[in-house]
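Visitor: I have a structure open and would like to talk it through with someone. Could you put it up on the screen, so that we can start with the part I am curious about?

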Amino acid sequence: LVVALDSILLLGAGSSSLRPARWPQGHPHAQVAEGFNVVNDCKPYCAAGTFHPYPVVIRLSGGTQWRKHPSFERFTQLTLTYSGARPQG
C-alpha cells in the first residue's frame with residue numbers, strides 16, 4: 001500500500017511542508033514514513049527565504065474511514081520525530 005500523498009502542507013505553521021519518501025504498508029490505524037520537514041527560514045523575509053530540509057519520521061495515527069469517501073482513510077494525529085537537526089520554533 002502506498003498512500004497517494006507526496007506532500008503535506010502544515011497549516012498554521014508558516015512556510016513548512018512534509019515530504020515523505022514513501023508510505024510503506026502500515027497498521028490499519030497508523031502510517032509511518034521517513035521523509036523531510038521542508039521549512040522556509042524567512043530570512044530576510046519569507047518571500048525571499050530559503051527552504052531547508054530536516055530529516056523526520058512522520059507518523060499519522062487515529063485513522064478512520066472517511067464517511068464521504070469510504071475507500072479513503074483520514075488521520076486525526078500527526079507526529080514528527082527529528083533524526084538530526086530541527087528547525088527553530
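Visitor: By class, which residues make up the lining of the second largest pocket?
Guide: This is a predicted model, and in it the lining of that second largest pocket has 3 nonpolar, 3 polar and 3 charged residues.

Visitor: Which residues line the second largest pocket, by name?
Guide: The lining is made of Val-39, Asn-40, Asp-41, Lys-43, His-52, Tyr-54, Arg-86, Pro-87 and Gln-88.

Visitor: And which strands each supply at least two residues of that lining?
Guide: Strands S3 and S4 each supply at least two residues of the lining of the second largest pocket.

Visitor: How much space lies in the second largest pocket?
Guide: The second largest pocket holds about 160 Å³ of space.

Visitor: Let's take Tyr-54 from that list. Is Tyr-54 buried or exposed?
Guide: Tyr-54, which lies in strand S4, has a relative accessibility of 17%, and because buried means under 20%, Tyr-54 counts as buried.

Visitor: What is Tyr-54 in contact with, leaving aside its neighbours within four places in sequence?
Guide: With those neighbours left aside, Tyr-54 is in contact with Gly-35, Phe-36, Asn-37, Val-39, Tyr-82, Ala-85, Arg-86 and Pro-87. For Tyr-82, which is 28 residues from Tyr-54 along the chain, the C-alpha atoms of the pair are separated by 7.3 Å.

Visitor: What about Ala-85, where does that one lie?
Guide: Ala-85 lies in the segment after strand S7, which spans 77-82. Ala-85 and Tyr-54 are 31 residues apart in sequence, while their C-alpha atoms are 6.5 Å apart in space.

Visitor: Changing topic to the cysteines: which ones form a disulfide?
Guide: Cys-42 and Cys-46 form a disulfide, with their sulfur atoms 2.0 Å apart, and the count for the model comes to 1 disulfide. The link of Cys-42 and Cys-46 is right-handed, with 95° about the S-S bond.

Visitor: What are the relative accessibilities of Cys-42 and Cys-46?
Guide: Cys-42 has a relative accessibility of 22% and counts as partly exposed, and Cys-46 is partly exposed as well, with a relative accessible area of 39%.

Visitor: What is the phi of Cys-42 near?
Guide: Phi of Cys-42 is near 55°, a positive value in a residue other than glycine. The place of Cys-42 is in the loop between S3 and S4.

Visitor: And which peptide bond is cis around there?
Guide: The bond from Lys-43 to Pro-44 is cis, with omega near 0°, and Pro-44 is placed in the loop between S3 and strand S4, the latter being residues 51-61. As background, most residues other than glycine have a negative phi, and most peptide bonds are trans.

Visitor: Stepping back, how many helices and strands does the protein have?
Guide: The protein has 0 helices and 7 strands, so that, read along the sequence, the pattern is β-β-β-β-β-β-β.

Visitor: What share of the residues is buried?
Guide: Buried residues make up 26% of the 89 residues in the protein. The accessible surface of the protein comes to about 6400 Å², and 56% of that surface belongs to carbon and sulfur atoms.

Visitor: Last one: among contacts with a separation of 6 or more, what share comes from residues 24 or more positions apart?
Guide: Residues 24 or more positions apart account for 33% of those contacts in the protein.

Definitions and conventions
Residues are numbered from 1 along each chain as its sequence is written. This is a predicted model: local features need pLDDT of at least 70, side-chain atom pairs count only at pLDDT 80 or more; totals for chains, interfaces and linings use all residues. Side-chain values use heavy atoms; hydrogens and water are left out. A disulfide is a pair of cysteine sulfur atoms within 2.5 Å. Buried means under 20% relative accessible area, exposed over 50%, partly exposed in between (1.4 Å probe, protein chains only). Helices (H or I, at least four residues) and strands (E, at least two) are DSSP runs, numbered from the N terminus. Contact means heavy atoms within 4.5 Å. Accessible areas come from the Shrake-Rupley method with a 1.4 Å probe; for residues, only the protein chains shown count as cover. On a 1 Å grid over the protein atoms alone, a cavity is a set of points where a 1.4 Å probe fits but cannot get out, and a pocket is an open set with protein on both sides within 12 Å along at least five of seven lines; lining residues have an atom within 4 Å of a point. Grid points are joined across faces, edges and corners, and a volume is the space filled by probe spheres set on the points. Ala, Val, Leu, Ile, Met, Phe, Trp, Tyr, Cys and Pro count as nonpolar, Asp, Glu, Lys and Arg as charged, and the others, Gly among them, as polar.
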